[in-house]
Amino acid sequence: MSHPNANSLRRLVPKIDAARTPSASPTDEGSTASNKRRCISSACMPCRKRKSKCDGEKPACESCSIVYKTHCAYDIDSDHRRKGALKRDIRQLEEENEKRDVILDALRKGTEADVDDIIQLVRSDESYDTIIETIKRMPIKPAPKPEASPTLEGELAAFTGKPSLKRACDNRHYGHTSNLALAGSDDELPLVAADHIGTWTKVTGDVDLIKHLLSLYFTWSHPIYLVFSEEVFFYALNNKKLKWCSPMLVNACLALGCNYSDRPEARADINDPATVGDHFFAEAKRLLNEDDRSCLTTVQALGVMSCRQAMMGQDSSGWRYAGQMMTMAIELGLHLTYNVQPSGKVTDSEMEARRITFWGSYVLETIYAMCVGRISGLPRTAIQLKKSIPKENLEKKIWKPHGDPRLLHEPTGLEQPAFTYTVQVQSSRLTEIVSDTLQMFYAPRDRITSRKLEVHHERFIQWHDELPSSITIKRDGPTLPQVIALHIYYHNSLIHLFRPFLRVSFVQNTKSPHQICTDAAVTIAQLMSLYSKTYSMRRAYFILVHCGISAAIIHIVNISRTDPASPQLSVQAAAYLTDIIHMMHEMYPTYPLMARYFKVIRSLITKWVQNVPSNVRDALQAIDLPSPHSSDCETDLSPPDPAASTSYSTDFDEPSTSTVEINGKRRKQSAPDLTQMTPNLNNGKGALTAAAREFLWTPFPESMDGMPVMPPERRSGNDNMDISRMLDSGVDGDWAQLNRDGFTMDAGNEFWGV
C-alpha cells in the first residue's frame with residue numbers, strides 16, 4: 001500500500017562535501033584531504049595567550065603572520081606535559097642531586113679544616129658549580145678503587161714516586177729510585193708540644209718585648225725572605241696551633257729581630273753589643289737539637305736561622321742551615337705539585353702555606369749561594385710547583401716602618417699597601433734566572449759564549465720590563481723598602497753576570513760588560529741613597545749588604561784606571577764609592593758582617609788604587625779603618641812588586657824531601673805528601689796571601705770558600721785572571737777560540753795592572 005503523498009516526498013541522498021563541486025577535477029581529491037586541520041603538539045606562545053587556534057607552522061603560524069600580524073615564537077620547554085620536557089626536568093634534578101652528593105661526600109671525608117672551608121663557601125651563597133670547582137681543587141678525593149688485577153710490577157712503574165705519611169701529619173717524598181717509597185706509614189710519635197706555650201719562648205716572659213721584636217722582624221726581614229705566611233703565623237700564635245707555629249720558629253724570628261732593635265734586652269749581655277740576639281738563637285738551636293725531624297715549621301725556622309747567622313758574619317754556619325732547610329724542603333716534597341697526603345686531605349690553606357714556604361726558601365738559598373759564590377742546592381728544572389696568586393685583600397695590608405722613632409708620635413707618611421705576595425712572586429721569577437746563572441758559572445755543561453750571556457741578559461731585562469706597576473720605583477711618593485731592595489737585587493744580578501768579563505767586549509754587541517756593570521753599580525748607589533733618605537740604613541734589608549759591596553767593587557775598578565775617553569768616570573766612581581761606604585757604615589750596628597766587607601774594600605783599594613781620592617780616604621777614616629797609604633796601615637800599601645811575588649809550578653815532579661835519621665839510621669822515604677802538589681796558599685802563616693786571594697775569589701777575606709778562577713801556574717805580579725782560562729782551562733790563551741765564542745779583548749780599557 002503506497003502512501004498517498006509519496007510522490008511529494010524528497011528523496012534522501014548522501015551528503016556531499018562543499019569542497020567537492022561539480023567543477024572539481026579528480027586530481028584535486030588528494031589535496032583536499034590534506035587540507036584538513038592537523039593536530040599539533042605545541043602551539044606558539046602568542047596563540048596560547050590569545051587562546052586561539054594555531055596551525056603550528058614554523059617559523060610563524062598563520063594566525064600570527066596573517067590574521068593578527070604579531071611576532072610568532074615557540075617555547076617547547078615550557079610545556080611540562082610533554083615527555084621531552086619531563087625528561088629534561090628529571091635530568092636537571094639528577095644533576096643537582098649529584099652536585100649535592102659531591103658536597104656531602106666532601107663533608108663526610110674531609111678533615112675539620114676541610115669542613116670549615118666548605119661551610120664557609122655554602123654560607124657565602126656561591127653556586128653549586130663554584131663550590132664543586134673549589135672542592136675539586138682542594139683536592140678531596142675518594143679512595144681509589146682497587147685494580148682488577150693489581151701487580152707488583154704496576155706499583156714499581158710509578159716514575160714520579162709517592163709521598164709517605166708520618167704520624168706527625170707530614171709528608172716525606174720518595175722518588176721511584178727509592179725503596180722507601182714502598183713502605184707504609186712510619187710509627188713516629190707526634191711532635192713535642194711546647195713547654196712554654198704562653199709566650200712561645202723560655203728566654204723572656206715580657207710580652208711587650210716579644211711583640212716589639214716580632215714587629216721588627218716582619219717589617220725589615222720578612223718581606224724579602226718570605227719563608228712563611230705572616231697571617232697564618234699569627235693565627236697559630238694566638239690560637240696555639242703547633243701545626244703552623246713552633247717555639248723554634250718563634251725564637252728564630254726573635255733572634256733575628258734583635259738585630260733591628262735598640263733595646264738592651266735584645267742582647268744576651270746588655271753591656272756587649274756583639275751578643276745581640278744570642279739568647280734567643282741559643283734557645284732555637286736547643287730546640288732544633290732536641291727535635292730535628294722534618295716538618296714545615298722546622299723548614300721555616302732553619303731559613304730564619306740561616307739568615308740570622310749570615311747577618312752575624314757566621315757565613316759557614318748560615319750556609320749549613322740554608323742547606324739543611326733546602327734538603328728538608330725536598331724531603332717534604334715542597335717543590336712538587338702532586339705531593340699530597342695519601343688520603344688526599346690537604347686543604348687549599350695547607351697547599352698555599354707549603355707553596356709560600358718553598359718559594360721563600362728557594363729565594364733565600366739561591367741568594368745565599370750567590371753571596372758566597374757557590375752552586376744552589378736545587379736546580380730550577382726540578383721545580384714543579386706553581387707560584388702563589390696574590391690576593392687583593394692580603395696585598396692591600398698596610399706596611400708600617402716599625403722601629404722608626406717618628407712612628408711613636410704621628411704617622412710618618414710612609415704607610416702604604418705592602419704587596420707582600422706580589423714581591424715574592426717577582427722575587428721568585430728573578431731568582432730562577434739567577435739560579436740558571438749560577439749553574440752556568442759553577443756547573444757548566446759546555447763553554448761560556450757571548451750568546452749565552454746575552455740570553456741571560458735578555459731574560460733579566462724582560463723580567464724588569466714585565467714588573468707590575470705596583471712594585472716599580474715611584475717618582476711622586478715613597479717607594480716600599482722591599483721594592484727598592486728588589487730592584488737593587490736585579491742590578492746586582494747584572495753585575496755578577498758580567499763581572500768576570502770586564503776585560504773583554506762582545507763581538508756583536510755595542511755595550512761592553514764593563515759598561516753594563518758600571519751602569520748597574522751607579523743605579524745601585526742611587527737606589528741605596530733613595531733608601532737611606534727615606535728609611536735610613538739602620539734597618540736596611542740584609543740583601544743590600546752584598547749588593548752594596550758588589551757595586552763598590554765596580555766603582556773601585558773605575559777609580560783604579562784612567563780612561564782618556566771618560567775623564568769624569570773616575571770622579572763619579574769615587575763619589576758613589578764614598579756614598580756607599582757611608583751607608584754601609586750606617587748598617588754596621590745591624591750587621592756585624594760589615595766589618596769583613598770593610599776589609600774587602602780596604603784591601604782592594606790598597607792593592608789597586610795608587611792615588612786614592614781624598615773623599616774616599618776621608619770616608620774610610622770615618623769608619624775607624626786605617627786609611628790607604630797612611631802610616632797606621634798594618635801592611636805595605638805600595639803596588640805589588642813582580643819580583644817579590646810567589647811563583648807557582650804546575651810541574652808535578654816527585655818532591656824532594658829532607659833525609660830523616662833515627663838512632664843513626666837512615667829512614668826510608670815515605671809516600672809524597674799530596675799537599676805538596678798544590679800551591680802553598682797559606683804560606684805557613686795561617687793567613688791567605690794576596691796571590692791566594694786571587695786564586696780563590698771569595699767576598700769574605702781570610703776564608704778559603706770560593707770558586708777557583710784559574711789553575712795554579714807560574715805568574716808574575718801583574719798577571720791577573722786570564723779570561724780564556726776562566727771560560728775554559730783547555731784554551732790556554734787561545735784568543736782565536738775566544739773570538740769564536742763571541743768575545744774580543746778590550747785593548748783600550750785595560751786595567752788592574754794589565
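The legends below describe close-up views of a predicted model. Local features are given where pLDDT is at least 70 and side-chain atom pairs where pLDDT is 80 or more, while totals for chains, interfaces and linings use all residues. Residues are numbered from 1 along each chain as its sequence is written, and side-chain values use heavy atoms, with hydrogens and water left out.

**View A. A negative surface patch includes E95 of helix α4.** The patch consists of E94, E95, E98 and D101. Patch residues have over 30% relative accessible area and no salt bridge; like charges are joined within 9 Å, and nonpolar side chains (Val, Leu, Ile, Met, Phe, Trp, Tyr) within 5 Å. Asp and Glu count as negative and Lys and Arg as positive, with His and the chain ends not counted. The place of a charge is taken as CG of Asp, CD of Glu, NZ of Lys or CZ of Arg. Helix α4 spans residues 83-109 and contains E95. Helices (H or I, at least four residues) and strands (E, at least two) are DSSP runs, numbered from the N terminus. E95 has a relative accessible area of 42% and is partly exposed. Residues under 20% are buried, those over 50% are exposed, and those in between are partly exposed (1.4 Å probe, protein chains only).

**View B. I66, V67 and Y68 make up a nonpolar surface patch.** Together these residues have about 310 Å² of accessible area. Areas come from the Shrake-Rupley method with a 1.4 Å probe, and for residues only the protein chains shown count as cover. Y68 sits in the loop between α3 (62-67) and α4. With a relative accessible area of 41%, Y68 is partly exposed.

**View C. Cysteines C54 and C72 are shown with their closest cysteine sulfurs.** A disulfide is a pair of cysteine sulfur atoms within 2.5 Å, and the count by this rule is zero. C54 is in no disulfide, and the nearest cysteine sulfur, that of C61, is 3.8 Å away. C54 is buried at 13% relative accessibility. For C72, the closest cysteine sulfur belongs to C44 and is 3.8 Å away, so the two are too far apart for a bond. C72 is also buried, at 9% relative accessible area.

**View D. The peptide bond from K58 to P59 is cis.** Its omega is near 15°. P59 lies in the loop between α2 (45-50) and α3. Most peptide bonds are trans, and most residues other than glycine have a negative phi.

**View E. K69 and F419 have positive phi values.** K69 is not a glycine, yet its phi is about 50°. K69 is located in the loop between α3 and α4, and at 65% relative accessibility it is exposed. F419, likewise not a glycine, has a positive phi of about 50°. F419 is placed in the loop between β4 (416-417) and α16 (420-442). Its relative accessibility of 22% makes F419 partly exposed.

**View F. A salt bridge joins E230 and K397.** The closest N and O atoms of this pair are 3.2 Å apart. The pair links distant parts of the chain, with E230 in helix α9 (residues 230-239) and K397 in the loop between α15 (392-395) and β3 (398-399), 167 residues apart. E230 is buried at 18% relative accessible area, whereas K397 is partly exposed at 37%. A salt bridge is a side-chain nitrogen of Lys or Arg within 4 Å of a carboxyl oxygen of Asp or Glu. By this rule the model has 21 salt bridges.

**View G. K387 and E432 form a salt bridge.** Their closest N and O atoms are 3.1 Å apart. This pair, too, links distant parts of the chain: K387 is in the loop between α14 (348-372) and α15, and E432 is in helix α16, 45 residues apart. K387 is partly exposed at 24% relative accessibility, while E432 is buried at 15%.

**View H. The side chains of K511 and D519 meet in a salt bridge.** The N to O distance is 2.9 Å. K511 is partly exposed at 38% relative accessibility, and D519 is partly exposed with a relative accessible area of 29%.

**View I. D262, R538 and R539 are linked by salt bridges.** The three residues form a network. Side chains of opposite charge can pair when their charged atoms come close.
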